[in-house]
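Open the model in your viewer and keep the selection tool at hand. Each stop below says what to select and what is there.

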Amino acid sequence: VMGLTFLAAGTSVPDLLSSVIVARMGEGDMAVSSSIGSNIFDILVGLPLPWLIFTIWPSTPDVVTISAKGIWVSIFILLGMLVAIILIIHCQ
């Protein structure tokens with residue numbers, strides 16, 4: 001868990017630095033859109049791509065079981081946030 005936490009922080013630091021630099025230049029909208037775009041990319045590509053690769057080329061015949069309680073709630077919250085962001089951007 002600790003390694004994954006450091007990995008997650010390490011992938012977010014470049015986005016944070018670029019947003020801070022752009023915000024200091026006076027482009028606050030660009031800083032916010034950069035972080036939103038990064039999160040949308042993570043949700044739409046970063047999460048499903050490893051599962052897609054595993055299902056196409058399984059290394060073992062085992063089935064992956066997800067035993068997390070409330071995983072569907074988390075998935076629907078992520079998808080709901082994604083739809084809300086797209087609608088907000090579209091309506092402006």
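Select S19, which lies in helix α1; helices here are DSSP runs of H or I with at least four residues, strands are runs of E with at least two, and both are numbered from the N terminus. The model is predicted, so local features need pLDDT of at least 70 and side-chain atom pairs count only at pLDDT 80 or more, while totals for chains, interfaces and linings use all residues. Residues are numbered from 1 along each chain as its sequence is written, and side-chain values use heavy atoms, with hydrogens and water left out.

Is S19 buried or exposed? S19 counts as buried, because its relative accessibility is 12% (buried means under 20% relative accessible area, exposed over 50%, partly exposed in between, with a 1.4 Å probe and protein chains only). Now show what surrounds S19. Apart from neighbours within four places in sequence, S19 is in contact with A31, S34 and S35 (contact means heavy atoms within 4.5 Å).

Step to S18, also placed in helix α1, which covers residues 2–24. S18 is partly exposed, at a relative accessible area of 30%. Draw a distance from S18 to S34: their C-alpha atoms are 8.2 Å apart, although 16 residues separate them along the chain.

Next, select residues 28–46, which form helix α2. Its 19 residues reach 26 Å from first C-alpha to last, close to the expected 27 Å (the expected span is 1.5 Å times one less than the number of residues). Which residues of α2 are buried? They are A31, S38 and I40.

Now select L79, in helix α4. L79 counts as partly exposed, because its relative accessibility is 40%.

Turn to the largest pocket. Rolling a probe the size of a water molecule over the atoms shows where empty space is left. On a 1 Å grid over the protein atoms alone, a pocket is an open set of points where a 1.4 Å probe fits, with protein on both sides within 12 Å along at least five of seven lines. Select L47, W51, I71, I75 and L78, which lie nearest the centre among its 12 lining residues (those with an atom within 4 Å of a point). The elements giving two or more residues to this lining are α2, α3 (48–56) and α4 (71–91). Of these, α4 gives the most, with 6 residues.

Finally, select the whole protein chain. How many helices and strands does the chain have? There are 4 helices and 0 strands, in the order α-α-α-α along the sequence. Of its 92 residues, 7% count as buried.
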